[in-house]
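Thanks for coming, everyone. Please have a look at the slide first.

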Amino acid sequence: MIVASRPAAPGRKARRAPSAPAPADALESGVLAGESLAVARAITLVEDRSARGAALLRAVARSTGRAHRLGITGPPGAGKSTLVNAVAREILGRGGSVGILAVDPTSPFTGGALLGDRVRMQGAAGDPRVFIRSMASRGDLGGLAAAAQDAADVLDAAGKDWVVMETVGVGQTEVEVAGAADTVVVILHPESGDGVQTMKAGLMEVADIFVINKADREGAERLVRDVLDMLELRRPGRDGWRPPVMTTTATSGKGVAELLDEIEKHRDATRASGSFQERRRERARARIRGLVEESIRGRVFRAGDGELERLVDGVVEGRETPQGAAMRLLRRVQDASVEGE
């Protein structure tokens with residue numbers, strides 16, 4: 001049925017009808033064509049975990065798997081954003097294209113990205129071959145929002161040669177980036193000092209390449225030696241790769257070309273050994289498990305919302321243990337599922 005629109009009252013402008021969302025196939029075509037607006041809308045959809053975003057990911061899945069995914073991580077103050085900007089410019093200089101996902105802390109007021117790395121990446125942001133998106137970590141302890149991997153798929157499908165994921169920078173809990181990237185670069189700086197010791201059990205173990213940035217500052221050479229000493233205790237990877245320790249000064253570009261050379265060397269070595277494909281299989285397995293766990297967790301707390309608070313009271317008052325409360329909540333969800341069948 002066609003409904004005629006009401007004519008505007010005399011002397012009053014007609015209100016513009018809200019624009020209808022682009023059909024999924026048009027958005028899919030825009031992503032596959034590398035159109036920036038379509039890519040931005042697609043990332044918003046997948047970041048919001050919408051049904052339309054999930055459908056889009058299914059539609060473009062066959063066009064993914066070509067981009068090399070580079071994880072950039074390290075403690076705060078290491079100059080990660082400046083170095084990402086410099087690496088992106090080097091990639092452009094070699095004829096490549098790049099998508100950058102800068103995962104920032106979540107604003108406690110809006111839930112959005114707090115820092116906005118695009119402000120710190122003006123050098124690369126003006127090139128049409130570069131797409132930069134700030135994403136909120138949304139409290140993810142791994143420093144990498146779960147939706148960032150979906151966004152990386154969108155950029156991959158859009159034809160980007162490289163997808164760079166820069167993480168929040170919250171210390172050794174940032175190891176999640178290792179499962180999301182094909183090559184992991186850990187950036188340190190001379191002021192890291194004894195912090196290297198505290199990161200051995202986490203962040204320092206995930207690196208494929210170490211970078212001492214701000215190498216023009218005092219203490220850089222000592223930090224290089226510290227990292228090399230630490231690496232003596234680390235076994236080579238399954239492909240025999242031993243992480244090199246590079247030095248850069250991102251503000252001047254010194255050492256950036258050599259860093260990209262080493263990243264490409266790691267990419268080629270892992271593809272030749274087969275570990276590249278193994279890493280991607282591990283990533284797919286982890287993503288599937290994570291999504292299943294997220295779905296189950298959501299069902300549990302939606303179904304047992306009122307019961308949860310009663311169980312909390314029981315634990316606080318000593319009438320129930322956390323283990324017993326968890327089992328009761330799970331049984332409630334199972335009973336609700338049986339009743340709904």
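**Helices and salt bridges**

Let's start with helix H10, residues 256-273. It has 18 residues and reaches 26 Å from its first C-alpha to its last, close to the 26 Å expected at 1.5 Å a residue. The expected span here is 1.5 Å times one less than the number of residues. Helices (H or I, at least four residues) and strands (E, at least two) are DSSP runs, numbered from the N terminus.

Two notes on the source. This is a predicted model, where local features need pLDDT of at least 70, side-chain atom pairs count only at pLDDT 80 or more, and totals for chains, interfaces and linings use all residues. Residues are numbered from 1 along each chain as its sequence is written, and side-chain values use heavy atoms, with hydrogens and water left out.

Back to H10. Which of its residues are buried? They are Val256, Leu259, Leu260, Glu262, Ile263, His266 and Thr270. These residues cover an arc of only 160° around the axis, which puts them on the same side of H10. The arc is that of the directions from the helix axis to the C-beta atoms. Buried means under 20% relative accessible area, exposed over 50%, and partly exposed in between (1.4 Å probe, protein chains only). Just after H10, Gly274 takes a positive phi of about 95°.

Now a packing partner. Helix H4, residues 80-93, packs with H10 at an angle of about 75°, with the axes 9 Å apart. Axes are lines fitted to C-alpha atoms, for helices over the stretch in contact, and angles run from 0 to 180 degrees between N-to-C directions. H4 and H10 are therefore roughly perpendicular to each other. The cut-offs: under 35 degrees is roughly parallel, over 145 roughly antiparallel, 65 to 115 roughly perpendicular, and the rest oblique. From H4, the contact uses Leu83, Ala86, Val87, Glu90 and Ile91; from H10, Val256, Ala257, Leu259 and Leu260. Contact means heavy atoms within 4.5 Å.

Next, helix H6. In H6, 11 of the 12 residues are buried, so it is largely enclosed by the rest of the structure. Among those buried residues are Gln149, Asp150, Asp153 and Asp156. Gly159 follows H6, with a positive phi near 95°.

That brings us to charges. Side chains of opposite charge can pair when their charged atoms come close. A salt bridge is a side-chain nitrogen of Lys or Arg within 4 Å of a carboxyl oxygen of Asp or Glu. How many are there by this rule? The count is 17 salt bridges.

Take Arg287 and Asp150. Their side chains meet in a salt bridge, 2.6 Å from N to O. This pair links distant parts of the chain: Arg287 is in helix H11 (residues 275-303), Asp150 in helix H6 (residues 146-157), 137 residues apart. Asp150 is buried, at 12% relative accessible area. Arg287 and Asp150 also belong to a network of salt bridges with Arg69, Asp153 and Asp156.

A local pair comes next. Glu307 and Arg310 form a salt bridge, at 3.0 Å from N to O. Both lie in helix H12 (residues 305-316), three residues apart, about one turn of the helix. Glu307 counts as buried, at 12% relative accessibility.

Last, a backbone point. Arg49 has a positive phi near 55°, and it is not a glycine. Arg49 sits in the loop between helix H2 (36-47) and helix H3 (51-60).
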